[in-house]
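Please keep the sequence and the 3D view open while going through the points.

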Amino acid sequence: MILFNSLTFLFRFFPVFLAVYYLTPARFREIVLFLGSIAFYAMGAGRMALLLTALTVINYVLGQMVFAADKGGLKDRNRRAFYIAVFIDAGALVLFKALSGLSDKVVLPLGFSFYLFKMISYQADLFRGEITRRPDIIDTVVYFTMFPQVTQGPIMRWNNVGFEKRERTVSPKAFSDGLFFFVLGLGMKVLLADRLSLLWNEIEKIGYESISTPLAWIGAVGYSVRLYMDFWGYSLMAAGIGMMLGFHFVVNFLHPYWACGVADFYRRWHLTLGTWFRDYVYIPLGGSRRGVLRTIRNLIIVWLLTGLWHGITPNYLLWGGILVALIIWEKYIVGGLIDAVPLVGHLHVWFFVPLTWVVFAIPDLTGLKNYFMRLFPFFGSGINVNNSDFIKQLMIYWPYLLFGLLLCTPHWYRLIVKNRNRMAVIVFMTAVFWLSVYRIVIAESNPFMYFSF
Amino acid sequence: MKLILLLWRRYTLLCILALTSLPLMLLGWRCRDTVYGEYDLDPLREPALSLVFEGVHDGIYPFKDIIESGKRPREEASEDGENVPDGGEAAEDADPEGADPGDAAGTVREGESAAEIAASYEEAGDSAVEKLEALPQNAIRGDADKLPEGVCNPVMQAEDYDVVNVAFLSPDDTEYNTDTEGIFAKNGIYFALGPVGPEYFSDALFIGDSRTVGLCEYGTLKENASFLAKESVNVYNVLDQELRYTDTDGDTREAYAEDILEENSFGKVYVALGVNELGIGTTYMYYEKYRELLTLIRRYQPEALIYIQGIMHVSEEKSSSDSCRNNTVISQRNGAVSTLANGRDIFYIDMNPYVCDGNGDLLPEMSGDGIHLKASAYERWDRFLMENAAEIVK
């Protein structure tokens, strides 16, 4: 897998690609982007690049058959093509998810659930007539395969790709902003998320049943921050690369930990996935307009599907189930209170969300039970607990926790972004970049030392 | 000029990144065969500047003079004590060109590559043997094969679970020099492994890596024994850095192993090292370095019983996913260091049957990460130690 935070990408693939991309006349750049993307994908996923290419072609062909809404409305032929496309895309996703869950031999192709979701949304938008101009083949294949998004999203939608302009050019300002967001994301991922993941390793090493209650809570908070820095960081890198290539910035996170309530949290967390489920599952099912029971049913369907999208072990279903319960609780029971006293909503987020991430993190239910017994030590005292273990871990991880928590508030991020053209911030970003490169070099040159025993 | 100014104003961050990377690239490329000669560079996959960063991590800089002015603390300490063995000194004299200033046997730092260690070893090998030979011949050579009746062999068999792969074995003509002459107890004393109570460990010192840190933090022996351990140490660097020393009162401080061994008198010294260096060096180098370490311990602790604790295996998942850090290699290395035991005052003990399944894989329920015992499983290690302690029989 070729990651944005790898030496090969940072110093080989990306600079070479950028040079070729910008030396090519503007009207041919999308062809360069398509070829570069397939090369990028093949470097990470090998032969699976053929599967991506095949699915891309199939979806383009079927998409052309679905697109007819502008010529006298939908016909059976369009409808049939749409159903076949969704059947193939969703079927491939379900099939691979199930097989990879059942057997160790089948591995889910790299970025599978991200690009298939793009393909499904593309067909649905065509079917609903939301795409008004007949998609061009180059636009389509670039949209499905573009390397900034093919491995981990964001699930950008056709209508915000900006394909209205045919020649891909980029202003100096957009390019510099893109580089800024890329470096910021790189720092979040490498300097904070990757460090904090070692804290979770420590907890696994000790064993959930033997951690002290303070360490259990520090672990839950640390995991929450780490997941955020990891995913947001990667999304910022993807968005930054997109900007450097002439696309719009794709918002994937909107300060979720500053949200007012769990429902609000998920309107700000992994936005492109959330809105995908909203637009292509929740609203088609009737959304919240057909009575309380229908709404609850729709929420349950959406959240169980979201859980399954992340993985097929029972903890993901449980995670989705808990979230839907929390959202219903907020919507129908404490909604008024949250509206009146926003602090209640914030506290909801800060208390419940880290707990749900623990469910997300631990795949086996026994381990999960043990962890919760340590979070809430009312049912037993754990096995061989060292009550001062958290001091040792805090001594090591406090800087990463502190910076991560600061970035969980919108203020620091906004301050940096607002002043991004000032020399002080530019120097800071330079330091972030080289520190990240240092970490990457050490991790790549000696993967074992990275987890020194 | 105007164009440059314009570019600078519009692409400031890009310009700075490009300008800062240029000297690093040049430096890395220029010194790739000299100062950074030990590091691998695949120019297709990584930039030359990664060599500079690797060097920074390992304390290797292209400007030799700057480094030499900053001496290593341990070296300074050893200059005071005349009788302190220093494996690095002789090697440093022989260091050709001094291309790599910090590199000498016995001073191998964390993170150094196998090639680097191998190179330093060739240089230092002779001096280590000389030092071994120079030890006082005050002891009679032991013979564990000739045990009196009723005395079981106090040297355990290194558990290999039939997984020793010839690919990892030392070459055919390799001889493990078990001639540990000079570090033996008096003849006529026989030991056998058997059960003891926790008080047995009141004069014991445990030296090791993060696994021993875990034993100190989560084992029951912490109330009886002393511990000298730190995450990520290996047999190559255990003497070169401060470790965490926890004495029988539970007081903790940072200290060098040699200082602790010099200042205190222990009845037993348990050594458990080997998991961090699985990816470093060969089995024979590991064995040689282990032997040197035991010799050094014996110098400071002439009366102590020395226990070599075989490396604990890793889980099946870990073992099957790594070509050199797996149970096959662990068995091979255990087999090599077990030959250092003599059953007289150096013992080899192997806890793997207590925590592994029949194939020699660490049981999943024993470990959260596949490498360390979980806190709740240290009880097994404790039990193993208490059931397999050497006591005088006759």
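**Notes on the two chains**

1. The contact between the chains draws on 34 residues from chain A and 35 residues from chain B. On the side of chain A that touches chain B, helix 1 (7–23), helix 8 (172–206), helix 19 (423–445) and helix 20 (447–450) each provide at least two residues, and helix 19 of chain A gives the most, with 10 residues. Sorted by class, that side of chain A holds 19 nonpolar, 11 polar and 4 charged residues. Please bear in mind throughout that this is a predicted model.

2. Which residues of helix 2 of chain B are buried? They are B:T12, B:L13 and B:G28, and what covers them includes parts of both chains, namely helix 8 and helix 19 of chain A as well as helix 1 (2–10) and helix 3 (49–58) of chain B. Helix 8 and helix 19 of chain A were also listed above among the helices that supply the side of chain A touching chain B.

3. For chain B as a whole, the secondary structure amounts to 14 helices and 9 strands, and 45% of its 394 residues count as buried. Among the contacts in chain B with a separation of 6 or more, 70% are accounted for by residues 24 or more positions apart.

4. One residue of chain B can be followed in detail: B:G335 lies in helix 12 (residues 327–338) of chain B.

5. Back in chain A, helix 2 (residues 29–45) and helix 6 (residues 137–145) pack at an angle of about 35°, with their axes 9 Å apart, and helix 2 of chain A passes helix 6 of chain A in a left-handed crossing. The residues that meet include A:L33, A:F34 and A:I38 from helix 2 of chain A, and A:I138, A:V141 and A:V142 from helix 6 of chain A. By class, this contact comprises 8 nonpolar, 2 polar and 2 charged residues.

Note on methods: Residues numbered from 1 in each chain as written. Chains lettered and ligands numbered in written order. Predicted model: local features only at pLDDT ≥ 70, side-chain atom pairs only at ≥ 80, totals over all residues. Axes fitted to C-alpha atoms, helices over the stretch in contact; angles between N-to-C directions. Helix = DSSP H or I, 4+ residues; strand = E, 2+ residues; numbered from the N terminus. Left-handed = near helix turned anticlockwise from the far one by under 90°. Contact = placed C-beta atoms within 7 Å. Nonpolar A, V, L, I, M, F, W, Y, C, P; charged D, E, K, R; others polar. Buried ≥ 20, exposed ≤ 12 C-beta atoms within 10 Å, placed from the backbone.
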